[in-house]
Each structure stands twice: as structure tokens, then as C-alpha cells.
Amino acid sequence: MLEDLTTVGSSPVEWPAAYPEGYAVVDVETTGLARDDRIISAAVYRLDARGVVEDHWYTLVNPERDPGPVWIHGLTSDVLEGAPLFQEVAEEFAARLADRVLVAHNAVFDWQMIAREYARAEREAPVRQRLCTIALSKELRLPLPNHKLESLAAHFGVVQQRAHHALDDARVLAEAFRPSLRAAAAGGVRLPLHECRPLTEWQDRPAPRIGQQPGGQGGYGGGYRPSSWRPSRKRPACPYPNPGRYEDGKRLKQGMRVAFSGDTSVDRELLEDRATEAGLHVATSLSRVTSLLVTNDPDSHTSKVVKARQFGTPVVDEAAFGQLLRDVEAADG
């Protein structure tokens with residue numbers, strides 16, 4: 001059972017007045033990581049202002065297409081075929097999210113998947129702020145070996161029962177978030193809250209039905225192309241000056257200009273959002289002042305790779321960049 005965590009020892013925590021009035025701890029399982037992938041299950045733990053659990057909710061969702069990596073989430077076409085469509089659970093889901101900060105592990109991913117589902121349903125998700133527990137653990141300087149959910153859970157003694165099951169992942173995250181929230185309140189730590197701007201533009205495309213592989217070729221290739229989902233926002237300007245080029249073996253530093261080239265295993269938009277939230281400047285082109293180029297194909301002849309060779313711009317692959325994002329050095333001052 002989740003106990004009340006509003007005291008440290010026998011002394012009550014003096015709660016910061018600026019903290020939110022409630023939280024929705026969320027986990028979604030999906031058919032994949034791309035823009036046009038779908039939610040197949042969702043869970044929400046609602047917490048009050050001080051982290052006391054109020055209730056929880058879970059649902060399967062029929063994605064109207066192949067379920068994707070069944071070996072990860074365990075949800076087969078047969079299981080999902082009788083599940084409700086997203087538009088049928090959208091109202092209940094919205095009621096769980098309304099007037100609360102969305103909390104998730106790598107929150108930008110969960111938020112984007114939710115926002116796209118609401119856009120498809122011609123509705124707007126009632127979320128205005130999100131909080132990423134990865135960012136919070138960094139603010140608290142927790143001694144974690146990495147920023148995986150299981151590492152955060154182990155730090156607080158939380159036992160995972162069913163990994164990649166939305167309800168259990170949400171429970172684990174709620175149990176780990178609550179002491180994190182209390183520690184932040186006790187230390188007067190500013191919560192790393194980010195604005196959520198709903199998608200207001202979308203484009204429908206014929207979707208493969210459950211049991212039918214995208215592209216119709218027995219796999220995820222062929223004619224399966226990402227659709228033109230676009231957030232109705234302009235990426236905010238980086239508030240930090242460019243400290244120069246990345247040096248191998250050292251940390252990234254806020255303000256560095258990062259460019260991307262070629263295909264990535266994680267959706268490009270998600271990678272760019274992670275970089276922006278870490279305080280980096282996401283550049284759409286490569287110049288002499290670019291700090292780093294991220295590409296999984298450094299031997300290609302794309303214009304960015306060619307310019308990186310000409311300018312001597314450092315190049316790393318996606319996996320290395322993901323590791324670097326875990327520990328970005330603060331800007332001077």
C-alpha cells in the first residue's frame with residue numbers, strides 16, 4: 001500500500017505554494033515509436049497535490065492495426081480486437097487527466113502519443129503541463145546508474161511485477177514519483193514542468209486493420225510511411241549561448257548546436273524534443289558553428305555529413321547521443 005508521504009521523519013514538509021494541485025501519473029503502451037503508431041493500452045494513477053494516491057484506471061485500446069512488438073507488451077491482435085477504440089475511451093481518459101500535471105517517465109513521448117490520439121478523435125487532450133521523472137531525478141541528483149524506470153524504482157525499493165504492462169508501469173512510477181515529490185518539496189526544488197500544446201492539425205490515412213501488417217508486405221516496410229502529423233507550435237529559441245564544439249569524452253553543455261542527419265530508430269521529433277528540453281539548440285542545417293552532428297550513417301553523402309567532414313564537426317551516432325543526453329552540463333552562469 002502507498003502510504004502518506006507528507007512528512008520527513010516526524011516533521012511535516014512545508015509544501016511549496018507554487019507546486020501543482022494534482023498529478024496524473026501515466027503510462028501508455030504503443031504499437032511502436034513513430035508518429036503514426038497507436039496506443040494499445042493506457043493507465044493513470046491520480047495523485048493529489050502532496051502525492052497521495054486517489055485512484056487508478058486502466059484500459060486496453062483497439063489500435064485498428066497490427067499491435068507491433070507483441071514480444072515486448074504481450075498484447076496480441078486477438079486480445080485487442082474486442083477492446084474499445086480510442087474515441088470510445090477518450091472522455092474517461094480526459095477526465096483522469098483534466099486539471100492535473102501529466103507525469104511520465106520520458107514524458108514527452110507519452111504526451112505526444114496521447115496528443116496524437118486525441119487529434120485523430122478530433123478532440124483536445126486536457127493537459128497543459130507535463131513533468132518527466134527522468135528530469136526530476138536529475139534535479140534531485142539521485143545516484144542512479146542510468147535513467148531507466150527499473151533503476152528509479154530500485155532506488156526507492158519499488159518492486160516491478162509486470163514490466164511493459166501499462167497499469168503496473170504506472171503503479172511503479174507513482175510509487176517512485178511520490179518520494180521524489182516529497183524530496184523536492186523538502187528541498188525547495190523547482191519542479192521541471194514543461195508546457196503541453198495540443199495538436200490541432202492532423203491528416204488521416206488508411207490504416208491497416210488488426211491482424212494486417214502495415215504496408216501489406218508482411219512487415220513494417222513496403223508502403224508504410226509516416227503520416228504528416230505536425231504540432232501547432234514553433235520550437236522555442238535556445239536561451240543559452242553556444243559554448244562551442246563538443247569534445248569527445250566530455251559532456252554536452254547547454255547551448256550547444258546539435259544537428260541530425262538520416263534515419264533514427266527513435267522518432268526524429270522525439271529526439272529533437274529531448275535535446276531541446278536538455279537545453280541544447282536544435283539546428284536544421286549544419287554550419288561552422290554546429291557543435292555536434294548526430295547520424296547513424298557517418299559514411300553517407302548527405303549534405304550535413306559532407307559539411308561535417310569539411311568543417312571538422314564532431315559526429316556521434318544516436319545511441320551515443322542518447323547517453324550524452326543523460327548528463328548535460330549546465331550553461332555558465
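This is a predicted model: local features need pLDDT of at least 70, side-chain atom pairs count only at pLDDT 80 or more; totals for chains, interfaces and linings use all residues.
Local features need pLDDT of at least 70 and side-chain atom pairs pLDDT 80 or more, while totals for chains, interfaces and linings use all residues. Residues are numbered from 1 along each chain as its sequence is written, and side-chain values use heavy atoms, leaving out hydrogens and water.

**View 1. Thr31 and its surroundings.** Thr31 lies in the loop between β3 (22–30) and β4 (39–48); helices (H or I, at least four residues) and strands (E, at least two) are DSSP runs numbered from the N terminus. With 3% relative accessibility, Thr31 counts as buried (under 20% relative accessible area, 1.4 Å probe, protein chains only). Its C-alpha atom is 4.4 Å from that of Gly68, 37 residues apart along the chain. The side chain of Thr31 makes polar contacts with the side chains of Asp37 (2.6 Å) and Arg65 (3.5 Å). A polar contact is a pair of N or O atoms within 3.5 Å, where within protein one must be able to donate a hydrogen and the other to accept it, and residues adjacent in sequence count only if both atoms are side-chain atoms.

**View 2. Helix α7, residues 166–187.** Because 16 of its 22 residues are buried, α7 is largely enclosed by the rest of the structure. Gly188 follows α7 and has a positive phi, near 65°.

**View 3. Strand β11, residues 292–295.** Here Leu292 and Val294 point one way, Leu293 and Thr295 point the other way, and all are buried. Strand β9 (residues 257–261) runs parallel to β11, joined by 4 bridges.

Technical notes
Buried means under 20% relative accessible area, exposed over 50%, partly exposed in between (1.4 Å probe, protein chains only). Contact means heavy atoms within 4.5 Å. The expected span of a helix is 1.5 Å times one less than its number of residues. Two strands pair if DSSP finds at least two bridges between them. Lists of a residue's contacts leave out its neighbours within four places in sequence.
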